[in-house]
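Work through these exercises with the structure open beside you. Try each task before you read its solution.

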Amino acid sequence: MMRLGLTGALALILTGCGSEPAADSSDPGAAEAAAAGVAAVVKGEAAGRPFPDDMPAFVEPMPGGRYLTGMRGSNAVRSTGMDMYDAPGTAAEAIAFHTDALTKGGFSPQVSPARKLRKTTETTIAGKHTDGRTLDVIVIEQETGTAAVQMRYTIPGA
């Protein structure tokens, strides 16, 4: 069963908007303008909602984070999901929190170097567990110093 509402579909679009920047960085281009509009809609749709009850226990947001959007899907092979939230602190604090949470949860986190994408900087923390679960956390540092966090997980089928 797959639940994918408007906000989930928009989040999927957002994850594909990380293409290389245009040659002229003073002109954001159509893709960035569209992504900014989609981000505003996603935030507006989910504003004030609590984190979902069906998030797996190992998908742990920072305390004080504000839920933005998410989706779930499953088949006989695996269950997957994605949840996104605004972090209550800086990107560095979010990276430290998620690296620590993954380690405490028995995952082997691998932190990639930060990558500049237009007006944001993204750091990916790839977590793999010996039981086959994965949790990839992308910390997106905004130009304003704030951070959004995307948590994508996979759980192998029984």
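**Exercise 1. Aromatic rings**

Which residues do ring pairs link into a cluster?

*Solution.* Ring pairs link Phe51, Tyr67 and Tyr85 into a cluster. Rings of Phe, Tyr and Trp (its six-membered ring) pair if their centres lie within 6.5 Å; planes under 30 degrees apart count as stacked, over 60 as edge-to-face and the rest as tilted.

A note on the source before you go on. This is a predicted model: local features need pLDDT of at least 70, side-chain atom pairs count only at pLDDT 80 or more, and totals for chains, interfaces and linings use all residues. Residues are numbered from 1 along each chain as its sequence is written, and side-chain values use heavy atoms, with hydrogens and water left out.

**Exercise 2. The whole chain**

Find how many helices and strands the chain has, and give their order.

*Solution.* 
- Step 1: use the rule. Helices (H or I, at least four residues) and strands (E, at least two) are DSSP runs, numbered from the N terminus.
- Step 2: count. The chain has three helices and eight strands.
- Step 3: read along the sequence. The pattern is β-α-α-β-β-α-β-β-β-β-β.
- Step 4: check burial. Of the 158 residues in the chain, 38% are buried. Buried means under 20% relative accessible area, exposed over 50%, partly exposed in between (1.4 Å probe, protein chains only).
- Step 5: look at contacts (heavy atoms within 4.5 Å). Among those between residues at least 6 apart in sequence, 52% join residues at least 24 apart.

**Exercise 3. One ring pair in detail**

Describe the pair formed by Phe58 and Tyr153.

*Solution.* 
- Step 1: count the pairs. The structure holds four aromatic pairs.
- Step 2: take distance and angle. The ring centres of Phe58 and Tyr153 are 6.0 Å apart and the planes stand at 85°, so this pair is edge-to-face.
- Step 3: Phe58 is in the loop between α2 and β2, and Tyr153 is in strand β8 (residues 147–156).
- Step 4: check burial. Both Phe58 and Tyr153 are buried.
- Step 5: look for a charge. The charged end of Arg133 sits over the ring of Phe58, 4.7 Å from its centre. The rule asks for NZ of Lys or CZ of Arg within 6 Å of the ring centre and within 35 degrees of the ring normal.

**Exercise 4. Strand β6 and its partners**

Which strands pair with β6, and in what sense?

*Solution.* 
- Step 1: apply the test. Two strands pair if DSSP finds at least two bridges between them.
- Step 2: take β4 (residues 107–111). It pairs with β6 in the antiparallel sense over five bridges. Gln110 stands opposite Ala126 in β6.
- Step 3: take β5 (residues 115–117). Three bridges join β5 to β6, and the two run antiparallel. Leu117 has Thr120 as its bridge partner in β6. The two strands form a hairpin with two residues between them, and Arg118 in the turn has a positive phi of about 50°.
- Step 4: take β7 (residues 134–141). It pairs with β6 over eight bridges, also antiparallel. Ala126 stands opposite Asp136 in β7. This hairpin has four residues between its strands, and Gly132 in the turn has a positive phi of about 100°.
- Step 5: check burial. Seven of the ten residues of β6 are buried, so β6 is largely enclosed by the rest of the structure.
- Step 6: pick one residue. Thr123 lies in β6 (residues 120–129). Thr123 is buried, because its relative accessible area is 8%.

**Exercise 5. The sides of α3**

Which residues of α3 are buried, and where do they lie around the axis?

*Solution.* 
- Step 1: locate the helix. α3 (residues 91–104) has 14 residues.
- Step 2: list the buried residues. They are Ala91, Ala94, Ile95, Phe97, His98, Ala101 and Leu102.
- Step 3: find their arc, taken from the directions from the helix axis to the C-beta atoms. They cover only 165°, so they lie on the same side of α3.
- Step 4: The face away from the buried side carries the exposed residues Ala92 and Lys104.
- Step 5: name the neighbours. The buried residues of α3 pack against β3 (78–86), β4, β6, β7 and β8.

Notes: The expected span of a helix is 1.5 Å times one less than its number of residues.
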